[in-house]
Amino acid sequence: MRVHELYKSLLREFGKQNWWPAETRFEVIVGAVLTQNTAWTNVEKAINNLRKVDALKPEKLLKATNLKELIKPAGFYNQKAERLRLITEWFLKNERKAEKMDRMELRKELLAIKGIGKETADSIILYAFEKPIFVVDAYTRRFCRYYNLFEGKEYDDYRLFFEKNLPLDVEIFKEYHALIVAWGKKYRGLLKP
DNA sequence: GGCCAGGTGTAAA
DNA sequence: TTTACACATGGC
């Protein structure tokens, strides 16, 4: 397939992206929730607010009484405050166990948490736990359509398409998803959703 | 000033 | 199973 060739071509055009932009595993998780249907610039503001009060540590985040205020710049702050609490509680209890699970087992657990859908779950699996799973987002679908790679319907159709046409490799999956986002931002408006 | 951003849950047809 | 809608802020 030419999925792999396209990857190399994107890598040449945009360079290595080194995603996810975060210092710790927990910060990746927080960012994954906050970025749901939200521009990353807004997420950064929220994350910086959390960092200022040291709430990028799970125990501290759970104790923050003003969590909604802190994450306000990222929007949907009522829902996201609740979602952050839920995933944080899960994380504190299950981080060690999660490291040992296989990727689909972990996915099942994450999807059971309210507010964690497939894209968020997969972002966490790939970027926080570094297990190979291909993250699909709106850009990925546009990318596939634009290059006539694949026309699917469901999230997992796209995920499986990439996973079948690439080596099952964490670094490639991380980089490819990041490159697709870079591509999408550059050529925004090129193709209608 | 409207449109949109690294989605998800819920309800109704 | 599919479609519609709420959820909210900030940049362009």
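Which residues are around DNA strand C? I looked this up before anything else. Asn-37, Thr-38, Ala-39, Thr-41, Asn-42, Lys-72, Pro-73, Gly-75, Phe-76, Tyr-77, Asn-78 and Gln-79 are around DNA strand C. Here a residue is near a molecule or strand if its C-beta atom, placed from the backbone, lies within 6 Å of it.

**Entry: source and numbering**

I noted that this is a predicted model, in which local features need pLDDT of at least 70 and side-chain atom pairs count only at pLDDT 80 or more, while totals for chains, interfaces and linings use all residues. Residues are numbered from 1 along each chain as its sequence is written, and chains are lettered from A and ligands numbered from 1 in the order in which they are written.

**Entry: the surface near DNA strand C**

I sorted this surface by element. H3 and helix H6 (77-100) each supply at least two of its residues, and H6 gives the most, with three residues. Helices (H or I, at least four residues) and strands (E, at least two) are DSSP runs, numbered from the N terminus. By class, I have four nonpolar, seven polar and one charged residues near DNA strand C. Ala, Val, Leu, Ile, Met, Phe, Trp, Tyr, Cys and Pro count as nonpolar, Asp, Glu, Lys and Arg as charged, and the others, Gly among them, as polar.

**Entry: the surface near DNA strand B**

I found 23 residues around DNA strand B, of which Gln-36, Asn-37, Trp-40, Gly-117 and Thr-120 come nearest. Asn-37 is also among the residues around DNA strand C. Helix H8 (118-128) and helix H11 (170-186) each supply at least two residues near DNA strand B. The largest share, four residues, comes from H8. The classes near DNA strand B are nine nonpolar, nine polar and five charged.

**Entry: H8 and its packing**

The axes of H2 and H8 are 9 Å apart, at an angle of about 160 degrees. Axes are lines fitted to C-alpha atoms, for helices over the stretch in contact, and angles run from 0 to 180 degrees between N-to-C directions. H2 and H8 are therefore roughly antiparallel to each other. Angles under 35 degrees count as roughly parallel, over 145 as roughly antiparallel, 65 to 115 as roughly perpendicular and the rest as oblique.

The crossing of H2 with H8 is right-handed. A crossing is left-handed if the near helix is turned anticlockwise from the far one by less than a right angle, and right-handed if clockwise. On H2, Arg-25, Val-28, Ile-29, Ala-32 and Val-33 meet Thr-120, Ser-123, Ile-124, Tyr-127 and Ala-128 of H8. Residues are in contact if their C-beta atoms, placed from the backbone, lie within 7 Å. I class this contact as seven nonpolar, two polar and one charged.

Next I took helix H7 (residues 103-111), which packs with H8 at about 135 degrees, the axes 9 Å apart. That angle makes H7 oblique to H8. Their crossing is right-handed. Arg-103, Leu-106, Arg-107, Leu-110 and Leu-111 of H7 make the contact with Lys-118, Ala-121, Ile-124 and Ile-125 of H8. The contact of H7 with H8 has six nonpolar, no polar and three charged residues.

**Entry: H2 against H3**

Helix H2 (residues 25-34) and helix H3 (residues 40-52) have axes that come within 10 Å and cross at roughly 140 degrees. H2 and H3 are therefore oblique to each other. I read the crossing of H2 and H3 as right-handed. Val-30, Gly-31 and Leu-34 of H2 touch Val-43, Ala-46, Ile-47 and Leu-50 of H3. The contact of H2 with H3 divides into six nonpolar, one polar and no charged residues.

Most residues other than glycine have a negative phi, and most peptide bonds are trans. I list the exceptions I looked up. Asn-18, not a glycine, has a positive phi of about 55 degrees and lies in the loop between H1 and H2. Asn-18 is exposed, with 9 other C-beta atoms within 10 Å. A residue is buried if 20 or more other C-beta atoms lie within 10 Å of its own, exposed if 12 or fewer, and partly exposed in between, with C-beta atoms placed from the backbone. Trp-19 and Trp-20 are joined by a cis peptide bond with omega of about 5 degrees. Trp-20 is in the loop between helix H1 (3-14) and H2.

Technical notes
Contact = placed C-beta atoms within 7 Å.
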